[in-house]
Amino acid sequence: MSATNQSQRESTAARNLAAVGDNASDRRADEAAVAYGVFAAIRWALVRDLRIAVRSRAELGVQVLFYAIVVSLFPLATSPERNLLQTLGPGVLWVAALLASLLSLPRLFASDFADGTLEQMAISPFPLSALVGGKILAHWLATGLPLALLAPLLGLQYALDGAALGIVAFSLLIGTPILSLVGAIGAALTLATRGGGSLLALLVLPLYVPVLIFGAGSADALRAGLSAAPNLSLLGAGLLVALVGAPLAAAAAVRIALD
Amino acid sequence: MLEAHDLAARRGPLLLFEGLSIRVPAGQALVVQGRNGSGKTTLLRILAGLSQPAAGRVTWHGREVGRHDPVTRADVCFAGHVPALKDELTASENLHALVALAGGGADRPTLRRALADVGLDARRNLPARALSQGQRRRIALARLGIGRQRLWLLDEPATALDADGMALLAALVARHLARDGTLVAATHQPLTLPADRVRTLELG
């Protein structure tokens with residue numbers, strides 16, 4: 001069962017390293033901390049994932065189309081009454097964004113998990129949370145940002161005026177990154193499970209609720225003649241918390257999935 | 001020098017191995033053999049710091065192979081049985097991404113030379129999905145050729161390689177050992193390695 005290598009042939013390199021001792025390795029650790037920085041890691045993941053996203057843009061198109069279709073279904077299914085549509089509009093735009101985000105989430109880590117890239121990321125000298133953060137950023141640029149940009153156009157179906165459209169788009173612009181960040185935790189947690197997609201929805205949708213409330217609420221507040229600022233501020237605060245916490249949590253979940 | 005003290009690993013309720021101690025000095029190779037399911041991959045993953053052993057510890061030049069030590073991480077090249085390639089990226093982009101992720105850098109001529117060395121020069125700009133299994137493996141070989149890591153952990157490196165590819169692998173490993181590199185490989189196929197530098201570990 002056990003094999004101990006008895007070889008006496010130690011190389012000069014190994015002896016030198018041992019002789020120089022801890023000082024040298026501490027210095028190497030300091031150098032390494034500089035060399036394998038957070039921003040280089042984010043850049044690596046961002047460039048790579050955006051390149052992949054551009055090459056598989058058909059998949060992204062599916063998600064954007066899904067968003068457009070879901071949003072367009074509600075005016076067809078309910079009455080074309082102006083007041084009702086104006087009330088529904090922001091909520092529908094937001095709920096559809098949640099669903100579209102769910103559609104793209106499983107892809108965030110699944111292919112990297114299957115092809116071994118995630119393993120290489122986990123043993124890379126770069127911090128895993130920064131690599132994961134870069135992946136999340138790329139995911140948002142490819143899937144969340146298009147939704148926010150498309151929202152004013154789709155909102156026209158709900159007879160929303162310029163101010164309401166602007167608020168909805170802006171709240172999506174702050175809110176969709178939170179969806180990507182929080183969703184990434186769920187995506188990483190469900191990596192090693194069977195049927196991860198549906199479990200992911202169950203896990204993540206409840207966490208999306210506060211985002212939905214403040215996001216859709218911002219346009220409602222405007223409609224009621226109040227300021228949208230409190231809602232948007234809370235959304236922004238949520239984004240900051242998620243920005244700090246989610247990459248760390250997702251990285252920890254990735255390590256669990258790999259172990 | 002790679003050292004493992006009193007390692008134990010279990011998968012579920014099953015004990016794969018215990019009391020396993022390994023010492024591989026620089027310039028030496030350890031070939032891990034054993035039947036399917038005997039824990040070869042698990043051992044390599046533990047040595048790479050990917051999995052936690054049930055007991056024992058692993059050190060590389062006296063530093064614990066841990067989760068938060070970029071120094072040891074930068075020194076280890078782990079090639080699992082899936083080669084970590086993205087179908088959408090070209091051979092050259094895949095190689096560059098892998099090298100960069102391991103903390104190295106490579107300019108275009110270096111990448112091109114490395115791919116030419118493994119016989120992929122004509123295919124360097126093809127997406128990886130257009131490559132055969134053996135050719136995908138060869139990208140992993142090109143990565144070994146460029147990298148500066150001193151510890152190679154190779155899981156079934158000879159899978160899907162033809163005779164020519166095996167010769168390439170043997171040449172890379174021989175050069176690595178001659179440069180005082182260290183190698184641990186799990187394999188079924190016999191690797192042609194310099195006999196005085198290789199020891200074998202039988203698991204299971």
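## Strand pairing and overall form

In this predicted model, strand S1 (residues 2-11) of chain B is joined to strand S4 (residues 55-60) of chain B by five bridges, and the two pair in the antiparallel sense. Within this part of the chain, Glu3(B) stands opposite Thr59(B), a residue of S4(B).

Helix H1 (residues 40-48) of chain B packs on the sheet, where it touches S1, S2 and S4 of chain B. The direction of this helix makes about 130° with that of S1(B).

The sheet itself is open and consists of four strands of chain B in the order S2-S1-S4-S5, with antiparallel pairing. Which strands stand at the edges? They are strand S2 (14-24) and strand S5 (63-64) of chain B; each has a single partner strand, so one side of each is left without a neighbour in the sheet.

The secondary structure of chain B as a whole comprises six helices and nine strands. The radius of gyration of chain B is 17 Å, close to the 17 Å that the globule rule gives for 204 residues, so the chain is as compact as a globular protein of that length.

| Property of chain B | Value |
|---|---|
| Box filled by the C-alpha atoms, along the principal axes | roughly 50 × 35 × 35 Å |
| Share of the 204 residues that count as buried | 50% |
| Share of contacts between residues at least 6 apart in sequence that join residues at least 24 apart | 69% |

Technical notes:
Residues are numbered from 1 along each chain as its sequence is written. Chains are lettered from A and ligands numbered from 1 in the order in which they are written. This is a predicted model: local features need pLDDT of at least 70, side-chain atom pairs count only at pLDDT 80 or more; totals for chains, interfaces and linings use all residues. The radius of gyration is taken over C-alpha atoms; the globule rule is 2.2 Å times the number of residues to the power 0.38. A residue is buried if 20 or more other C-beta atoms lie within 10 Å of its own, exposed if 12 or fewer, and partly exposed in between; C-beta atoms are placed from the backbone. Two residues are in contact if their C-beta atoms, placed from the backbone, lie within 7 Å. Two strands pair if DSSP finds at least two bridges between them. Axes are lines fitted to C-alpha atoms, for helices over the stretch in contact, and angles run from 0 to 180 degrees between N-to-C directions.
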